[in-house]
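Welcome to this short tour of a protein and its ligand. Keep the sequence and the 3D view open as you read, and look up each part as it is named.

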Amino acid sequence: MSVRALVVDPSASTAVRLADVPDPVPGPGQVLVDVSHASLNYGDLNDARSGRVPVGAVLGADAAGVVVRAAADGTGPVVGTRVVALTSGAFAERVAIDVGALAEVPKGLDLAQAVALPVAGVAALRSLRAAGLGPDKRVLITGASGGVGRFAVQLAARAGAHVIASVGSAGRGDGLAEAGADEVLIGLEGLQRPVDVVIDSVGGPQLVAAWNLLAPGGSVQSVGWTSGEPAVFPPYATVGPAKSLASFVIDGDAGEDLAVLTELAAEGAVTIEIGWQGPWDRFAEAAEALRGRRVSGKAVLEVA
Ligand SMILES: NC(=O)c1ccc[n+]([C@@H]2O[C@H](COP(=O)([O-])OP(=O)(O)OC[C@H]3O[C@@H](n4cnc5c(N)ncnc54)[C@H](OP(=O)(O)O)[C@@H]3O)[C@@H](O)[C@H]2O)c1
């Protein structure tokens, strides 16, 4: 038996193609999920070309669907439960998923919406947590128009922070004030007062500029590097009152944080913006839109 999946293929223009892969065999602490939706992350585009996901292996991290076989060890959701997960090899019709990597999707939240949460939402939640968020902090979020950025804006605003959202061009800021941003800037133009926290997905010169804006005691969380440009710190830029530049990566099971995020989304406390949605055989179109900075929020693939 086989299932359809999006696998890594360096000879394809997007480095990804639809293929048949063996039906997954779940381990004792895994459920089998029939996937209806997947979401495309910027990191997937990198993974397809970097070798991090091997040639022929299934790409993807964000999946949502329905449990068709419960875990043999008795843990996790029962058959028929709607779930969302952060798991490797997510872009397949059927996936075996660790019970710790998933959350049940509450009533009132569509799978097509819930699937946008795993990588982007968990990165936003955990990087803000790592930075030590609190009321009255000034928080700068770069790449705020994207997946991580839009969730970070909303979560920081909920925590009572003063949120400064930085985007690449005027139209990319649409909806960010409604999402909770107190200021929406193009680049970092005009930002003069120091900030306490930076959630940075852009890297390069903008990371250097953000570092210079950081108040003593503050922290930059380096979440991503979409600019692809080097960051060149002028001499003595890192000498002075203590502040930190922390690397960030999602590590370990995401189920508990996904449960928090799905509840917030179901209550309407966090809104999920889908900037591109379509069948997964239009993967190339979705990838091009994401790379071309034309997706506001998230890109969602309809599986099968
Ligand atoms: N460390 C982790 O665990 C982790 C987790 C999730 C994501 N990430 C990383 O975080 C980054 C953002 O991910 P995402 O899924 O939010 O991506 P996304 O949805 O594509 O958003 C990225 C944003 O970055 C900006 N951007 C894109 N290309 C740029 C460029 N050349 N120069 C300046 N800005 C650019 C765009 O904003 P404008 O169009 O407004 O400029 C875009 O909205 C990626 O590097 C991803 O790999 C890391």
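## A residue to start from

At 47% relative accessibility, asparagine 212 counts as partly exposed, because that label is used between two limits: buried means under 20% relative accessible area and exposed means over 50%, with a 1.4 Å probe and protein chains only. Asparagine 212 sits in helix H6. Helices (H or I, at least four residues) and strands (E, at least two) are DSSP runs, numbered from the N terminus. If we leave aside neighbours within four places in sequence, asparagine 212 is in contact with Ala237 and Lys243, where contact means heavy atoms within 4.5 Å.

Before going on, a word on the model: it is predicted, local features need pLDDT of at least 70, side-chain atom pairs count only at pLDDT 80 or more, and totals for chains, interfaces and linings use all residues. Residues are numbered from 1 along each chain as its sequence is written, and side-chain values use heavy atoms, with hydrogens and water left out.

## Around helix H6

Which residues of helix H6 (residues 204-213) are buried? They are Gly204, Leu207, Val208, Ala210, Trp211 and Leu213. Their cover includes four strands: E8 (138-142), E11 (195-200), E12 (214-222) and E13 (244-247).

Tyrosine 236 is in the loop between E12 and E13. It is exposed, with a relative accessible area of 69%. Tyrosine 236 also has a positive phi of about 75°, although it is not a glycine.

## Two domains

The domain assignment of the protein gives domain 1 (2-116 + 272-302) and domain 2 (120-247); such bounds come from an automatic or database assignment. The C-alpha centres of the two domains lie 28 Å apart. Where the domains meet, 12 residues of domain 1 are in contact with 10 residues of domain 2.

## The ligand and its shell

In total, 25 residues surround the ligand, and the closest are Ser145, Gly147, Gly168, Arg172 and Arg293. A residue is near a molecule or strand if one of its heavy atoms lies within 4 Å of it. Helix H1 (42-50), helix H3 (118-131) and helix H4 (147-158) each supply at least two residues of this shell. By class, the shell has 12 nonpolar, 11 polar and 2 charged residues. Here Ala, Val, Leu, Ile, Met, Phe, Trp, Tyr, Cys and Pro count as nonpolar, Asp, Glu, Lys and Arg as charged, and the others, Gly among them, as polar.

Now look at oxygen atoms of the ligand. A polar side-chain atom of arginine 172 lies 2.8 Å from one, and a backbone N or O atom of valine 148 lies 2.9 Å from one. For tryptophan 225, a backbone N or O atom lies 3.1 Å from a ligand oxygen. Taken alone the ligand exposes 900 Å², and the protein buries 87% of that; accessible areas come from the Shrake-Rupley method with a 1.4 Å probe, and for residues only the protein chains shown count as cover.

Is arginine 126 buried or exposed? At 16% relative accessibility, arginine 126 counts as buried. It lies in helix H3, and a polar atom of its side chain is 2.9 Å from the backbone oxygen of aspartate 253. Beyond four places in sequence, arginine 126 touches residues including Phe248, Ile250 and Asp257.

Arginine 52, in the loop between H1 and strand E4 (62-69), is exposed, with a relative accessible area of 62%. A polar contact of 2.9 Å joins its side chain to that of aspartate 47. A polar contact is a pair of N or O atoms within 3.5 Å; within protein, one must be able to donate a hydrogen and the other to accept it, and residues adjacent in sequence count only if both atoms are side-chain atoms. The side chains of arginine 17 and aspartate 9 are also joined by a polar contact of 2.9 Å.

## The loop between E1 and E2

Aspartate 9 is found in the loop between E1 and E2 and is buried, with a relative accessible area of 13%. Alanine 15 is in the loop between strand E1 (2-8) and strand E2 (16-22), and is buried at 1% relative accessible area. Although alanine 15 is not a glycine, it has a positive phi of about 70°.
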